[in-house]
Amino acid sequence: MLRYVALRLLYMVPVLLVLSFVLFAFLRALPGGPAIALLGERATERDLEVLEQRFGLDRPVHEQYFGYMRNLARGDLGVSIRTRRPVREELLDRFPATVELSIGAILVAVLVGVPLGFAAAKRYQGAIDQSSLVASLIGISFPVFFLALLLKYVFAVRLGWLPTIGRIDVRMLTAEHPTGFYLLDGIVTRDWDAFVSAAKHLVLPAIALGTIPLAIITRITRGATLDVVSEDYVRTARAKGLVSSVVNRRHILRNAMLPVVTIVGLQVGLLLTGAILTETVFSWPGMGSWILEAIRFRDYAVLQGGILFFVLVVVLVNLLVDISYAFLNPRIRYR
Amino acid sequence: MTSPGSAAATDRTALLSVRDLEVRFVTRRATIHAVNGISFDLDPGATLGIVGESGCGKSVSSLAMLGILPQPAGRVKAGQVLLDGRDLVGLSEHDLRQVRGGEIAMIFQDPMTSLNPVLTIGRQITEALRAHLDMDKRAAAEEAVALLDRVGIPDARRRLSDYPHQFSGGMRQRVMIAMAISCRPKVLIADEPTTALDVTIQAQILDLLRTLVDSEGMALILITHDLGVVAGVCERTHVMYAGRFVETGPTTELFARPKHPYTLGLLKSVPRLDERHHRRLEPIGGAPRDMRELPTGCAFAPRCTYATQASWEVLPLLEPTAGGDHRVACHNPVPDAELVAAGLGLGPDADGDAEDDDQWRP
């Protein structure tokens with residue numbers, strides 16, 4: 001197992017190297033550049049040159065790349081052209097926000113999707129099954145940004161039940177944030193008002209972001225459960241005289257969860273993409289809105305650091321999924 | 001043990017008494033008449049073989065007895081399943097749970113798929129113990145070790161924490177047997193327990209079943225398509241076709257003088273070791289009945305060389321033959337001359353004791 005994990009971590013090195021190069025090249029191949037984005041169209045040639053010189057953008061691309069990689073190896077992600085703050089610092093600000101949002105979305109998807117898919121399979125072709133099929137089709141085909149706007153309009157603007165934007169009430173922005181995860185911060189500092197406020201702010205974005213994974217997880221759970229209920233070992237469990245809740249949980253659901261876990265891992269990558277839209281609609285100060293902003297300003301350092309970090313997270317999460325798979329499924333042993 | 005037949009056959013209560021059991025599978029497209037009125041009695045410690053081709057309703061009967069027919073299509077349409085005089089049909093789910101595994105336990109065909117792959121076998125044995133005998137964790141684990149020991153699994157204590165995929169097929173079937181006998185059931189139903197196993201392993205598993213039935217005093221219902229399996233284990237044999245018993249009787253008698261053309265066909269299609277000349281195995285022509293509608297006459301008529309007009313029109317009922325306890329549901333039972341030609345019946349061994357059945361064993 002350890003050997004397997006070490007090997008998988010080792011594989012990440014070439015993946016990240018190739019990706020960093022492609023990313024670096026593509027960003028610079030894009031028309032426009034940070035200087036013109038910052039100074040505007042009426043900037044003079046001279047102004048542009050000065051700015052490019054200051055950020056080393058006038059040097060040959062390969063020199064810039066090696067310089068960037070040298071700094072990266074030391075943990076230096078460079079400085080944002082737009083805000084002049086170190087990318088690392090901004091990343092540490094933004095990352096917890098996106099993680100909080102993503103965890104919220106995954107929780108919505110799993111806590112609703114697994115029971116729903118299971119219930120649909122148990123009453124195959126019944127009312128729950130049919131309506132969950134329709135609902136998940138809608139869930140998959142509904143554009144995230146539109147759903148986000150709709151949720152915001154109905155529940156925040158019209159009904160006023162939940163806040164419209166941000167991560168926490170503005171009056172509490174000064175609250176202590178030792179971890180950057182606002183819910184966790186609320187617990188750590190025992191600031192329950194902040195906790196409640198952060199939780200309320202999280203609800204709508206988490207639902208908006210969780211809808212597509214929810215639809216997918218519902219379908220996968222349903223399919224996997226349908227496969228498992230007709231397995232011989234389920235009949236064995238019934239013949240043993242076990243209570244049906246034990247048969248459902250221990251014998252059916254446990255086996256049906258195997259494909260679901262894989263899907264959850266794959267969803268994480270999609271989730272981060274979805275986060276860009278959701279964060280924009282809800283002004284959520286996370287990685288998504290940060291990167292969107294960076295694209296507009298051709299903020300090379302932010303884009304490189306942010307996207308590489310995205311990739312790193314996705315790869316690590318999938319490694320975690322594979323490891324957890326070995327614990328769930330005894331037939332799998334990694335060497 | 002009394003013979004099957006009408007509902008009023010017994011004047012005393014058998015351990016398990018099935019009366020005119022009918023099972024249907026109802027789907028939107030069709031109704032499958034899986035079991036069409038079977039009756040039999042089983043005394044404590046008795047061994048009964050139920051033999052028939054795939055799809056004749058033998059497994060479905062046993063699932064129906066335990067109330068675990070595949071849902072939502074499967075249902076018991078009529079009949080009774082009396083265990084110690086209590087009817088299991090229509091019993092509440094709560095009461096049925098006590099019966100399943102507790103009083104009637106079951107072993108299934110394929111040990112490769114009948115054990116849950118993600119739970120240790122220790123867990124799978126102890127969960128049955130704890131459901132029925134109210135044992136604590138440690139006591140259940142100890143009992144599981146003893147059970148695995150008894151079914152011949154070496155190093156039982158260590159293997160408790162192993163998963164099914166770490167066992168061979170034969171060992172898995174031993175685990176299934178350990179699980180089934182764990183709560184000391186009165187009746188053990190073994191549904192094709194050896195079909196998925198190698199021939200050498202088959203013999204071992206049958207030996208084990210025989211030993212356990214003797215030592216535990218359980219009654220055994222052995223369901224199989226293989227006459228050879230029944231021959232070595234069961235005192236009585238019921239031959240099933242299209243959801244009905246077509247011939248019933250003491251195993252020795254039934255093998256020596258099969259009266260139903262279908263039983264004869266089954267016997268002819270079993271390879272025998274004691275024959276001097278190589279004989280071509282004779283398969284039974286045709287295919288099992290389409291069970292979507294019930295025939296008016298004998299269900300076997302389309303495949304039967306003895307069929308007459310009556311076979312097509314009148315349903316034959318189980319009637320005693322000259323052999324007394326031997327019954328057959330046939331308008332034109334196989335003549336004795338035919339049996340001699342097939343190397344069966346009237347030979348010197350015909351009315352010998354059970355040892356003679358060994359010729360059929362795998």
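Across all chains, 27 salt bridges turn up, a salt bridge being a side-chain nitrogen of Lys or Arg within 4 Å of a carboxyl oxygen of Asp or Glu. Before you start clicking, note that this is a predicted model, where local features need pLDDT of at least 70, side-chain atom pairs count only at pLDDT 80 or more, and totals for chains, interfaces and linings use all residues. Residues are numbered from 1 along each chain as its sequence is written, chains are lettered from A and ligands numbered from 1 in the order in which they are written, and side-chain values use heavy atoms, with hydrogens and water left out.

**Stop 1: salt bridges within the chains**

Select E90(A) and R85(A). Their side chains form a salt bridge, with 3.9 Å between the closest N and O atoms. E90(A) is buried at 7% relative accessible area, while R85(A) is partly exposed at 30%. Here buried means under 20% relative accessible area, exposed means over 50%, and partly exposed is in between (1.4 Å probe, protein chains only).

Now move to chain B and pick E93(B) with R100(B), a salt bridge at 3.1 Å, N to O. E93(B) is partly exposed, at 43% relative accessible area, and R100(B) is buried, at 3%.

Next, show R303(B) and E53(B), which meet in a salt bridge at 3.0 Å, N to O. R303(B) sits in the loop between α10 (261-268) and α11 (309-313) of chain B and E53(B) in the loop between β3 (47-51) and α1 (58-66), so this pair ties together parts that are 250 residues apart in sequence. Both R303(B) and E53(B) are buried.

**Stop 2: where chain A meets chain B**

Colour the two chains separately and look at the contact (heavy atoms within 4.5 Å). How many residues does each chain bring to it? Chain A gives 21 residues and chain B gives 27. The buried area is about 2,100 Å², with 58% of it from carbon and sulfur atoms; buried area is the accessible area (1.4 Å probe) that two parts lose on being put together, summed over both.

Two salt bridges are counted between chain A and chain B. To see a salt bridge between these chains, select R250(A) and E127(B), whose side chains meet at 2.4 Å, N to O. On the chain A side, the elements giving two or more residues are α10 (232-239) and α11 (244-281). Helices (H or I, at least four residues) and strands (E, at least two) are DSSP runs, numbered from the N terminus.

**Stop 3: the overall picture of chain B**

Chain B holds 12 helices and 12 strands, and 54% of its 362 residues are buried. Of the contacts in chain B between residues at least 6 apart in sequence, 65% join residues at least 24 apart.

**Stop 4: strands of chain B**

Show the open sheet of four strands, β2-β1-β4-β5 in that order in chain B, with antiparallel pairing. Strands β2 (31-42) and β5 (86-87) stand at the edges with a single partner strand each, so one side of each has no neighbour in the sheet. Two strands count as paired if DSSP finds at least two bridges between them. Zoom in on β4 (residues 74-83), which pairs with β5(B) over two antiparallel bridges; L83(B) stands opposite R86(B) there.

Then go to β10 (residues 244-250) of chain B: five of its seven residues are buried, so this strand is largely enclosed by the rest of the structure. Six bridges join β10(B) to the antiparallel β9 (residues 236-241). These strands form a hairpin with two residues between them, and A242(B) in the turn has a positive phi of about 50°.

Which residues face T248(B)? H238(B) stands opposite T248(B), and in β12(B) the bridge partner is R327(B).

**Stop 5**

Most residues other than glycine have a negative phi. Select D20(B), where phi is positive at about 50°; D20(B) is in strand β1 (residues 16-26). Finish with D134(B), which has a positive phi of about 55° and lies in the loop between α3 (121-133) and α4 (137-150) of chain B. D134(B) is exposed, at 72% relative accessibility.
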